Amino acid sequence: MSIKARTKTLFGYQLPFDSHDWLVDRCGLRMRYVIDFYTGRPNSISPSAAGNLSFCLDVRPELDNWEGVKMRVETFINGWISGPPLQGLIVLQH
């Protein structure tokens, strides 16, 4: 479990039901990303989507190199200036 996920539980958030580390080659720079999977909310907008899978992803670069630190700081500053990130509803059909 990531440090962020552990910290969020102290504030009453649920634990992620799954977590992954991904290694991505970004034009020769190997970056590691942390992906936490959280249970989503039922779809109240479209009743026809009831019963569909709903989950949220928290994806961020790991802080194991300067590029990851830089990306996280830039994301924080951009979010502080422009407000919270846009959140969309994605319905997966199975």
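This is a predicted model: local features need pLDDT of at least 70, side-chain atom pairs count only at pLDDT 80 or more; totals for chains, interfaces and linings use all residues.
The protein comprises two helices and three strands, and its elements follow one another from the N terminus in the order α-β-β-β-α. Of its 94 residues, 19% count as buried. Among the contacts in the protein with a separation of 6 or more, 42% are accounted for by residues 24 or more positions apart. The protein exposes about 7,700 Å², of which carbon and sulfur atoms supply 62%.

The three strands are arranged as an open sheet in the order β1-β2-β3, with antiparallel pairing. The edge strands of this sheet are β1, covering residues 18-26, and β3, covering residues 55-61, each of which pairs on one side only. On average, and with direction ignored, neighbouring strands of the sheet are turned by 25 degrees against each other. Helix α2, formed by residues 66-82, packs on the sheet and touches β1, β2 and β3, while its direction makes about 50 degrees with that of β2. Strands of a sheet pair through backbone hydrogen bonds, in either a parallel or an antiparallel manner. In the present model, β1 and strand β2, the latter spanning residues 29-39, pair in the antiparallel sense over nine bridges, and S19 has D36 in β2 as its bridge partner. The hairpin of β1 and β2 has two residues between the strands, and C27 in this hairpin takes a positive phi near 55 degrees.

On the surface, a nonpolar patch is formed by V73, F76, I77, W80 and I81, which together have about 620 Å² of accessible area. One of these residues, F76, lies in helix α2; because its relative accessible area is 56%, F76 is classed as exposed, the cut-off for this class being over 50%.

Side chains of opposite charge can pair when their charged atoms come close, and the structure holds seven salt bridges. In one of them, D21 is joined to R32, with the closest N and O atoms 2.7 Å apart. D21 belongs to strand β1 and R32 to strand β2, so the pair ties together parts that are 11 residues apart in sequence. D21 is partly exposed, with a relative accessible area of 47%, and R32 is likewise partly exposed, with a relative accessible area of 27%. R32 also takes part in a salt bridge with E62, for which the closest N and O atoms are 3.4 Å apart. This second pair links distant parts of the chain, since E62 is placed in the loop between β3 and α2 and R32 in strand β2, 30 residues apart.

A further salt bridge brings together the side chains of D58 and R60, at 3.4 Å from N to O. D58 has a relative accessible area of 14% and is therefore buried, and R60, with a relative accessible area of 6%, is buried as well; the assignment in both cases rests on the cut-off of under 20%. D58 and R60 are moreover linked with K4 and D36 in a network of salt bridges.

Methods: Residues are numbered from 1 along each chain as its sequence is written. Side-chain values use heavy atoms; hydrogens and water are left out. Two strands pair if DSSP finds at least two bridges between them. Helices (H or I, at least four residues) and strands (E, at least two) are DSSP runs, numbered from the N terminus. Axes are lines fitted to C-alpha atoms, for helices over the stretch in contact, and angles run from 0 to 180 degrees between N-to-C directions. Contact means heavy atoms within 4.5 Å. Patches are made of residues with over 30% relative accessible area and no salt bridge: like charges are joined within 9 Å, nonpolar side chains (Val, Leu, Ile, Met, Phe, Trp, Tyr) within 5 Å. Accessible areas come from the Shrake-Rupley method with a 1.4 Å probe; for residues, only the protein chains shown count as cover. A salt bridge is a side-chain nitrogen of Lys or Arg within 4 Å of a carboxyl oxygen of Asp or Glu. Buried means under 20% relative accessible area, exposed over 50%, partly exposed in between (1.4 Å probe, protein chains only).
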